[in-house]
Structure formats: structure tokens, C-alpha cells
Amino acid sequence: MKDKHIKKIIKSEIENHIPERLDTSGFGLTKSVTASKKSGLSMQFKYGFSLATFVIIFIVAAMFLFEPANDPTPVQPYTFKADNEVVSFSAMSTTSLLSYTESQNLLTEVSKLSMTQSEADSVVDYVEPYLKLSERFLSQDNGFLIREVTSDLLEYTNKTEFETLDALGKSIKYTMYYNIVNQDIKDDEETYEMEGLLIYGKKTYQFSGSKEIEEDEEVFEFTAYIDAANYVSSKHKVEEEETKFEFKTVINSILVEESVIEIEIEDDEKEIVLEFIKGNDYGTYKFKYETEDDITKLSIEFDVRTNGIEKDGEIEVYVIVDEVTLETSYKLIVDTDEDEVYEYRRDRDEDEDDEDDEDDEDEDDNDDEDDMLSDSVNI
Amino acid sequence: MVIKQKYIDKLRQRDEDTFEYIYDLTKKGVYIIIFNIVKDHEVTRDIMQDVYLKMLDSIGSYQTKTNFYNWLLMIAKNQAIDYYRREKKIVHIDETDFIEQFSSQEETPEEKDIFDRLLSVLSEDERQIVLLKIVDNLKHKDIAALLNMPLGTVLWMYQEALKKMKEVRE
């Protein structure tokens, strides 16, 4: 039996039996404060408002009365409006993870050994690949700005540009050149495969993608490659109850990490919930953008088990700009529920705009005191 | 699920709108917890009435900074167990009984039959995890906290449960 069908039956069978309202007559509940506006209205009516005025006020009062007193907004799945939004998100997220993987492989053994180990290290290490992805997706209230334009590469018939913002408000532009292959339309359902190039900044990745119908469900798959042995793939099934993407990271033909990202709306704001499993470690991270005193930060709740130890708490992530070099980095403040606080710095800049990115691999010893890559400071 | 303190404060004052709000947010979880123990829709609805009254009556003992939803679900679980004790029924029943007790007049025979068979292949813990995940849309980590299980166990059990249910024939 199909996943979707199972979930539908279970959900509807239970929900059909849940009472919409309880009999609260014996609960001793009191009318809400907003309801007291009623008496004010009748007083005003006494003072001779016309019928028309009364009707207007009645409507306004009704709006107050029927408005939920505490503006409740339960968590809901985020909805992509069109296929090209799904493809754009898949492209952005897989290349973001792939770019991170690529940069990690450039780390020398020396720099890895120089990392200060602490209990919070692994908490940060697992979340780090997802920072850029979250930054670029959560910064935009209305999703990506997507444009279909005429291809200027002979090998590819289609060109799509999409744009998002980072935490500093800087525009990040992605360009996809691709060919559609094996396109088919059956019963108004379109399926296709696509192959092409994705370019952002100075980076270029090959990709393949598809939209298929599996057991009546629309399934989008997308893979960004370094080569056949090194890639990140995503899979997204279109479901009403949740919007999630499954990621697989393969390095040297070995599956090294699996994760699931769920996108939802809470209090009218987008948030990303990441669940990962890597070896015996697993956990969840919940990402949200927050602005306090005009400073925007990425706020992350975490609950993970690493090296056999369970940890939970919060991480605040700030983007720090070096005023002299204009290089940027992430400052992560990890606050565990055991009241331990750690501060970390992590690289943020990519090759995309760096003029001197080729020098990055031997940079470690050249950095000034601000560059605390991989160092942790217990504050 | 985290319920903001301001709503709990209003609930202490037995504010009607806040009660409705809390009820809408929590009714699925409460229903599932009770139903998974008593396995009867009618009884579950009766116990729900008691649970929410008990919630109001004992909200003074609710400790701020603990999870309100978990606290409420604990009341639901205790009320359901109390019911069983009163009725002198046993909590664990075999699969045949289970299928019969899930019956309801409001369901179409086909759907009811599939629903019964789907849940009957699951263990009690798997059933609870599946219902909380699918019906209440709780996160795995929230289910883990609620059931006092490691997150990995919940993730694994949920996947196993889905696999088992996929093998059930329509």
C-alpha cells in the first residue's frame, strides 16, 4: 500500500471522531475580554446612533468577536506555488551542500587536527553545512525571484535564472542551463527529465533532475554533481500534510550523510526543520530568522545525540563582516541546556566572489586574530 | 509543541476563547493518547471531556517552564488508565479484539477495515508513534520527548511501522 494512502486513511479515520467542540457548560469558563465590547456597543446604541451606523459598528464588533483572541497560528507546511520553485529550491540546496562538501575536502589534515575539540563541536559540525541553505531560503518572504530567459548557450535550449538574498541583503543569482528530455503528458500530469549546468558565482555544477509520478504522487528528484562519485541528491514528494526534501550526500561513491528538511510556516514565518542521521549520530535542528534591535540572526533550536551523548539547546548565528577585508564569517553562539555557552567562528565566504580564492587552501596561518576558523571559545 | 505562557496565564483565568484555542491545538494529541489505551471512540470522547475539565481544575499545579502539551497529554494518559482500572478491563488485548474494538458506525466498511488492519500490524508503541506523527503532525523529537524514548528509536520505529503497513493489502 502507498505511503500517501496509508496516511490519508489513518488521518481521516481518527479526525472524523474527534469532537469539534466539547460541552463546556460545566467548565466555569468566562467570556473573553474582547467579548465585553458588546456592552459598550449597546450603550452607544442607546445614545441614538442611526441604523446604518449600528450596522457598521456591529460588523466591526463581530470582527473583533470572531477574531481568535490570541491570534493562534498553528504550524503549517510551506507551499511551493509552482514546479519551478521546487526545482529552484532543489538546485539551491543541493549545490549549497555540495559546495560545502567540496570546501571541506580542501581542508588539510593539519587544519583538521588544529580544531579544538569540545562537546559542542559536533553540534556545530552537523549544522554547518545547512547554514548557507537556510540563510538563502529564509531571508526571502516570497520565495525566489525566478525568470525564464532565452538561452545563450547553444548546447542548452532552456535557461532559468533565480535569485535570492543572503542574511546581509546581498542578491545571490543562480543560472540554470538545461535540456528537457523524456517529457511526457498523461492525464494532465506532466513528467520530464532534465540535464544541464547550474552556475552561481564562479562555481559551475552539472545537474540532472526529474519529475515523475510514483504511486499517484508527484516526485521531484535533483542531483548536483562534482563527478559521478561525488554528488548531493534531493527527493521531494508533493504532499498536503508536509513539505519535505530528502538529501543524500555521496563522497567517493559512499553515502556519507542522509538528512530530511521540512519547511513549514509558524506565526506567518518560514522555518526549516532538519533531521539527520549520520552513523550512530542523529538529531534535529529548527532554523528560524529573527531580528532583534535591527540585527538579524539565524536562531536554531537543536536536539541531537552525538557520540552517545544527548544535547539540546539553542544556537544563535550571526554574520560577521570584517571591516578591512570585507570577508564574512559566521559567529555561532551555542547555548546548551546544561547552561554551557560556546562561541565558534566558521568560514562563510565562497569562491563565488572572491578574487583570491585560489589561495584559500594555504590561508590558515595568514589570518589575523579575527579569523577563528574552527576554534571554539568557552565564554 | 510549545504553548506560549500568555495563553496558559489566560487559561488559569478560565478564559473561554483561550480554552477553545488550546482545545483546537491539542485535541488530536489528547484523542490519540486516550484512544490508544481504550480503543473505543465513544469512550475516548467521554474521557476527553474529563481530561479538559481536569486540566482547568489542576492548572494551578502546572509548573511553568515545563512543556504544557506534555503535561496535558500525561493527564489524558492517566485518565484513560483510570478508566480501565474502574472498568476492570485489561489494557493489553490481542489482535482480534483490537480489530473488533476499533469498529465504528461512522466509517465506510472498506475504510474501517483497512484502518483496522493497518493499525493491527503495529505494536502499541509503533501505533502511538504513527498516530502522533500522522494525525497530530508532531515532530519525531517531540514524540520522543513525549514518550520518553530516544529520538533514534522513534525515527526507527516510525520507519518500521510504515514498512509494515505498506505490506498490508487493500
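In the predicted model, chain B and chain A together bury about 4,700 Å², of which 58% lies on carbon and sulfur atoms. The contact draws 56 residues from chain B and 48 residues from chain A. Across this interface, 4 salt bridges are found between the two chains. One of them joins A:Arg21 to B:Glu20, with the closest N and O atoms 3.1 Å apart. Residue pairs in polar contact between chain B and chain A, both at pLDDT 80 or more, number 10. On the side of chain B that touches chain A, at least two residues each are supplied by several helices, including α1 (5-12), α3 (41-57) and α9 (151-166) of chain B. The greatest contribution to that side comes from α2(B), with 14 residues. By residue class, the side of chain B that touches chain A comprises 27 nonpolar, 21 charged and 8 polar residues.

Within chain A, strand β10 (residues 254-266) pairs with strand β9 (residues 244-251) in the antiparallel sense through 8 bridges. A:Thr249 has A:Glu257 of β10(A) as its bridge partner. The hairpin of β9(A) and β10(A) has 2 residues between the strands, and A:Asn252 adopts a positive phi near 50 degrees there.

Strand β10(A) also pairs in the antiparallel sense with β11 (residues 269-278) of chain A, over 9 bridges. In this pairing, A:Glu258 stands opposite A:Ile277. These strands likewise form a hairpin with 2 residues between them, where A:Asp267 in the turn has a positive phi of about 50 degrees. Strand β1 (residues 76-77) of chain A is joined to β10(A) by 2 bridges, again antiparallel, and A:Pro77 stands opposite A:Glu264.

Terms used. Residues are numbered from 1 along each chain as its sequence is written. Chains are lettered from A and ligands numbered from 1 in the order in which they are written. This is a predicted model: local features need pLDDT of at least 70, side-chain atom pairs count only at pLDDT 80 or more; totals for chains, interfaces and linings use all residues. Side-chain values use heavy atoms; hydrogens and water are left out. Contact means heavy atoms within 4.5 Å. Buried area is the accessible area (1.4 Å probe) that two parts lose on being put together, summed over both. A salt bridge is a side-chain nitrogen of Lys or Arg within 4 Å of a carboxyl oxygen of Asp or Glu. A polar contact is a pair of N or O atoms within 3.5 Å; within protein, one must be able to donate a hydrogen and the other to accept it, and residues adjacent in sequence count only if both atoms are side-chain atoms. Helices (H or I, at least four residues) and strands (E, at least two) are DSSP runs, numbered from the N terminus. Ala, Val, Leu, Ile, Met, Phe, Trp, Tyr, Cys and Pro count as nonpolar, Asp, Glu, Lys and Arg as charged, and the others, Gly among them, as polar. Two strands pair if DSSP finds at least two bridges between them.
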